[in-house]
Amino acid sequence: MGSGIMARALFQAYRQALANASKTGVAQEAVQNIRRSSKITEAEARQILGVTENSSWEEILQRYNNLFERNANGSFYLQSKVHRAKECLEMVNGTKPHGTTN
């Protein structure tokens, strides 16, 4: 019986914390900070993939595929960094993401 009361109190406290956060804008600020921190520069992207400014797009894709596959059963964090690096270089090079048309 005591655990049921604790569970309800915890749930109510959580709901109240969410309501307070949305009233003050804390939730929106946290989301914006996450978005800002997930962007990487071109230099960082090149460093992550191990390519230079003179590397061809084919070389970049080859490095991306190699690094992405190496981490397939390892670190999701590293895989996401490799993917973000490729996305950044796609934007810089004006290359269309794989699988899109137009």
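View 1. Helices here are DSSP runs of H or I with at least four residues, strands are E runs of at least two, and both are numbered from the N terminus. Going along the sequence, you get the pattern α-α-α-α-α. This is a predicted model, where local features need pLDDT of at least 70 and side-chain atom pairs count only at 80 or more, while totals for chains, interfaces and linings use all residues. Residues are numbered from 1 along each chain as its sequence is written, and side-chain values use heavy atoms, with hydrogens and water left out.

**View 2. Here is the largest nonpolar core, with 12 residues in all.** Such a core is a set of buried Ala, Val, Leu, Ile, Met, Phe, Trp, Tyr and Cys residues joined through side-chain atoms within 4.5 Å; buried means under 20% relative accessible area, with a 1.4 Å probe and protein chains only. Among its members are Ile40, Trp57, Tyr64 and Val82. Helix 3 (42-49), helix 4 (57-70) and helix 5 (76-93) are the elements that each give two or more residues to this core.

**View 3. Zoom in on Ala45, another member of that core.** Setting aside neighbours within four places in sequence, Ala45 is in contact (heavy atoms within 4.5 Å) with Ile40, Ala85, Cys88 and Leu89.

**View 4. Now look at Gln79, a residue of helix 5.** Gln79 counts as buried because its relative accessibility is 12%. Once neighbours within four places in sequence are left out, Gln79 is in contact with Phe68, Asn71 and Ala72.

Technical notes: Buried < 20%, exposed > 50% of the residue type's maximum accessible area, 1.4 Å probe, protein only.
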